[in-house]
Amino acid sequence: MQNVSLGEVMTPIRNVHFRGWRVSLKLEYVLPTGSYKDRGIAVCMTHLKALGVKKISEDSSGNAGASTAAYAAAAGIQAGIYVPEGTSPAKLGQIAVYGAELNEVAGTRSVSAKRAQDVPEGCRYIGHSWNPFFACGIKTIAYEIAEQTNWSPPDWIATPLGGGSLVLGLIDGFEELLSAGYIQKSPRILAVQSEACAPIYRAWIRDSYDVKPVTPQSTYAEGVALPSPARGSQILESIRRNNGIVAAVNDEDLLSSWKNMAHLGYLIEPTSAVAVAGAWQARQRNQIGQGEDVLIVLTGNGLKTKPALLEGMISSKL
Ligand SMILES: *Cc1c(COP(=O)(O)O)cnc(C)c1O
């Protein structure tokens with residue numbers, strides 16, 4: 001069986017001083033379509049191609065759709081992608097140019113998901129938020145971090161939290177390495193949502209496992225704006241087992257982190273900046289202790305940012 005691949009690489013880890021605080025960055029946005037989603041989609045598409053599938057559908061806030069479109073093109077599979085209206089034009093153009101059928105759907109991400117699942121016979125729905133092949137691919141980020149840190153991973157890993165594939169992949173991947181004896185302890189996960197759409201954080205602060213859908217407000221963190229995540233209680237169980245934390249940040253804080261990261265030379269998606277802002281907030285609140293080391297997962301490429309935000313930079317005095 002031939003793997004469907006676009007040349008995924010082991011993504012670099014860089015050490016920087018963010019506002020004078022030493023942190024490590026995992027540059028997931030160097031993957032072929034500009035986000036970590038390629039880890040999971042490469043595995044899904046390899047499986048689908050082996051099954052002889054000819055047509056697939058997927059819903060996405062943009063990056064999973066772009067990744068699906070690209071790997072489907074590489075596999076010779078036809079893809080239909082359903083995204084909520086208002087998705088960044090850079091992501092829409094990316095999906096379209098790979099040759100996928102692009103469907104912009106009015107309403108929230110949940111509406112796009114329903115449309116993507118309502119497909120004709122013979123067309124497979126990927127559903128990356130719960131697809132086990134996608135989850136297996138995402139776990140490779142934990143294996144990489146362990147190897148790159150000489151089997152002594154950091155105390156904390158800060159990551160955005162939307163549908164939770166990345167959080168679950170990290171936690172499951174490190175648990176496997178721990179039980180196989182490769183590492184002595186799992187990093188604690190700091191999972192960060194956007195305050196504008198934070199159903200898992202709301203359940204976390206109520207000390208509940210029951211994730212209730214929220215009405216999303218507008219946010220630049222479009223990649224984590226899932227009002228009703230499919231695996232909410234599983235995510236909370238995993239984070240509690242990991243001794244992790246769920247946090248939420250507002251758009252003002254995420255935008256200032258986004259700009260400060262660019263000033264270090266790292267142009268990331270605003271969605272990725274929730275992890276940076278969340279890590280900073282956790283350090284300020286001493287949830288992350290002095291001297292504890294932190295790795296921040298930079299999930300998406302800044303060139304996917306909404307044009308209005310980038311254009312606003314041209315005239316604004318930073
Ligand atoms: C998908 C995505 C996320 C959120 O990941 P989940 O697995 O849905 O929690 C974060 N950042 C970017 C850039 C994404 O594309």
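1. To start with the domain contact: 19 residues of domain 1 touch 16 residues of domain 2, where contact means heavy atoms within 4.5 Å. Please keep in mind that this is a predicted model, in which local features need pLDDT of at least 70 and side-chain atom pairs count only at pLDDT 80 or more, while totals for chains, interfaces and linings use all residues. Residues are numbered from 1 along each chain as its sequence is written, and side-chain values use heavy atoms, with hydrogens and water left out.

2. On the division itself, domain 1 covers 13–30 + 139–315 and domain 2 covers 37–130; these bounds come from an automatic or database domain assignment. The C-alpha centres of the two domains are 24 Å apart.

3. The size of an interface is often expressed as the accessible area lost when the parts come together. Here domain 1 and domain 2 bury about 1400 Å² between them, with 46% of it on carbon and sulfur atoms. That value is the accessible area (1.4 Å probe) that two parts lose on being put together, summed over both.

4. Four salt bridges are counted between domain 1 and domain 2, a salt bridge being a side-chain nitrogen of Lys or Arg within 4 Å of a carboxyl oxygen of Asp or Glu. Elsewhere in your list you will find Glu 222 and Lys 91, whose side chains form a salt bridge at 2.6 Å, N to O. On the side of domain 1 that touches domain 2, helix H6 (residues 140–148) gives the largest share, three residues; helices are DSSP runs (H or I, at least four residues) and strands likewise (E, at least two), numbered from the N terminus.

5. The whole structure holds 13 salt bridges. One of them joins Arg 109 to Asp 59, with the closest N and O atoms 3.0 Å apart. Arg 109 sits in helix H4 (residues 109–117) and Asp 59 in strand E3 (residues 55–59), so this pair ties together parts that are 50 residues apart in sequence.

6. Turning to the ligand, 16 residues lie around it, and Lys 37, Asn 63, Gly 164, Ser 165 and Thr 299 come nearest; a residue counts as near if one of its heavy atoms lies within 4 Å.

7. Some ligand oxygen distances may be handy for your own checks. A polar side-chain atom of Ser 165 is 2.5 Å from an oxygen atom of the ligand. Polar backbone atoms also take part: that of Gly 164 lies 2.7 Å from a ligand oxygen atom, and that of Gly 162 lies 2.8 Å from one.

How values were computed: A polar contact is a pair of N or O atoms within 3.5 Å; within protein, one must be able to donate a hydrogen and the other to accept it, and residues adjacent in sequence count only if both atoms are side-chain atoms.
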